[in-house]
Amino acid sequence: MKKLDIITFGRAAVDLNAVEYNMPMEETMTFKKYVGGSPANIAIGTSKLGLKAGMIAKVSDDQHGNFVIDYMNKVGVETSSIKKDTEGRKIGLTFTEIKSPEECSILMYRDQAADLYLSVDDFNEDYIKSAETLLISGTALSQSPSREAALHAMDIAKKNGVEVIFELDYRPYTWKSEAETSVYMSLAARSADIVIGTRDEFNVLENSEGNSDEESVQELFNYSPHLVVVKHGVKGSKAFTRDGEVIEGDIYKTQVLKTFGAGDSFASGFIYALKKEKGIQEALKYGSAAASIVVSKHSSSDAMPTVEEIEQLIHSQEG
Ligand SMILES: Nc1ncnc2c1ncn2[C@@H]1O[C@H](COP(=O)(O)OP(=O)(O)O)[C@@H](O)[C@H]1O
Ligand SMILES: O=C(O)C[C@@H](O)[C@H](O)C(=O)COP(=O)(O)O
């Protein structure tokens, strides 16, 4: 029995969500602060579902970094490997714009962000060995030394039989070129056991627009992955297994407040259900239900649901 069920690797940041919404950000005067950063959101989401979650990250040595660590401690995330940057670098800030429930965008301030300076010296092999699963965020590969740290963490995981999930988490703001993105995303995806991403993110990984889900997953099955999940927004999700199964997931109806937060909550619910050995079909349901709950609320991290909330939604819409 491992000490941790999952460790997520990558950015822990701050979301600043528009309080006056359904308007352009130029008109928004107030923002509400939440913990953000896709891998941080997933650590929070899986912890709130009862998994033992940890995180490898680097935050700023200031009030924002303290806020992130304090919040994650509060929701039960193991934070011993969330380090403070000692060179004065700032935590990433994500301003979110909610023009309408369907028209949302995020504005990331990430120049020299602390998380991109996470290095191989900031974590050790024993910490990764203490978990069943390591989840790597694609954005961690966007700049050095975080890039080398992420690849090193994957190597340690594979050497020690720790399952690797690669969440593509493509954010254009931190990459230099599409070609470079494709090289590093492909390197990580081919080495992972499970890959999760949107159709658009797989296009970025392949540096191509034309592939179908089937073509994308067949390419990856030439390498390590045994399970690939392609997310399709309001059209749901599809899981593909190496032995040829294709499992489709629907969405759960909800009153959408904003669209962001769907991916991180989906990943949290999906991973939780897999770890509880509920099977892939149920895992897609848990992921979709978690996402449906989070898109109806103002935040991503704070809105991460409990198991009871997920199961209540599933039962209410499945009769
Ligand atoms: N408007 C919505 N209503 C209900 N569920 C949604 C909605 N948008 C997304 N989801 C669910 O969240 C999952 C992930 O959303 P998606 O937009 O594909 O990923 P990401 O947020 O990473 O871009 C979808 O596969 C779907 O199950
Ligand atoms: O990942 C980030 O840095 C931004 C997130 O914190 C933010 O909540 C968000 O955009 C999540 O969107 P998702 O990828 O659709 O879950």
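Predicted model: local features only at pLDDT ≥ 70, side-chain atom pairs only at ≥ 80, totals over all residues.
In what follows, Ala, Val, Leu, Ile, Met, Phe, Trp, Tyr, Cys and Pro count as nonpolar, Asp, Glu, Lys and Arg as charged, and the others, Gly among them, as polar. With that convention, the lining of the largest pocket divides into 17 nonpolar, 19 polar and 14 charged residues.

I begin with the pocket. About 1400 Å³ of space lies in the largest pocket. It is lined by 50 residues, and those closest to its centre are Thr 259, Phe 260, Gly 261, Ala 262 and Gly 263. Which elements give two or more residues to this lining? They are α1 (38-48), β6 (93-98), β7 (104-109), α6 (199-206), α8 and α9. The largest share comes from α6, with five residues.

Now to ligand 1. The space that ligand 1 takes is the largest pocket. Two elements give two or more residues to the shell around ligand 1, namely α8 (262-275) and α9 (280-295). Of these, α8 gives the most, with three residues. The shell holds 15 residues, of which Lys 231, Gly 233, Gly 236, Gly 263 and Ala 291 come nearest to ligand 1. By class, seven residues of this shell are nonpolar, seven are polar and one is charged.

An N or O atom in the side chain of Lys 231 is 2.8 Å from an oxygen atom of ligand 1. In the side chain of Ser 288, an N or O atom is 3.4 Å from an oxygen atom of ligand 1. From the backbone, an N or O atom of Gly 233 lies 2.7 Å from an oxygen atom of the ligand. Taken on its own, ligand 1 has 550 Å² of accessible area, and the protein covers 82% of that area.

I turn to ligand 2. Where does ligand 2 sit? Ligand 2 sits in the largest pocket. The elements that give two or more residues to its shell are α1, β7 and α8, and the largest share, three residues, comes from α8. Of the 16 residues around ligand 2, the nearest are Arg 11, Asp 15, Gly 37, Arg 171 and Ser 300. By class, this shell has four nonpolar, eight polar and four charged residues.

Here, too, there are polar contacts to describe. An N or O atom in the side chain of Ser 300 is 2.7 Å from an oxygen atom of ligand 2. A polar backbone atom of Asp 264 is 2.9 Å from an oxygen atom of ligand 2. For Asn 41, a polar side-chain atom lies 3.2 Å from an oxygen atom of ligand 2. The protein covers 91% of the 410 Å² of accessible area that ligand 2 has on its own.

Finally, the backbone. Which two residues does a cis peptide bond join? They are Ser 144 and Pro 145, and omega is about 0°. Pro 145 lies in the loop between β8 (131-137) and α4 (146-159). Asp 169 is placed in the loop between β9 (163-167) and α5 (178-191).

Thank you for your attention.

Technical notes: Residues numbered from 1 in each chain as written. Chains lettered and ligands numbered in written order. Heavy atoms only, no water. Near = heavy atom within 4 Å. Polar contact = N/O pair within 3.5 Å; in protein donor to acceptor, adjacent residues only side chain to side chain. Areas by Shrake-Rupley, 256 points an atom, 1.4 Å probe, with all protein chains shown as cover. 1 Å grid on protein atoms, 1.4 Å probe; cavity = no way out; pocket = protein on both sides within 12 Å on 5 of 7 lines; lining within 4 Å. Sits in = over half its atoms within 2 Å of the grid points. Helix = DSSP H or I, 4+ residues; strand = E, 2+ residues; numbered from the N terminus. Points joined across faces, edges and corners; volume = space filled by probe spheres on them.
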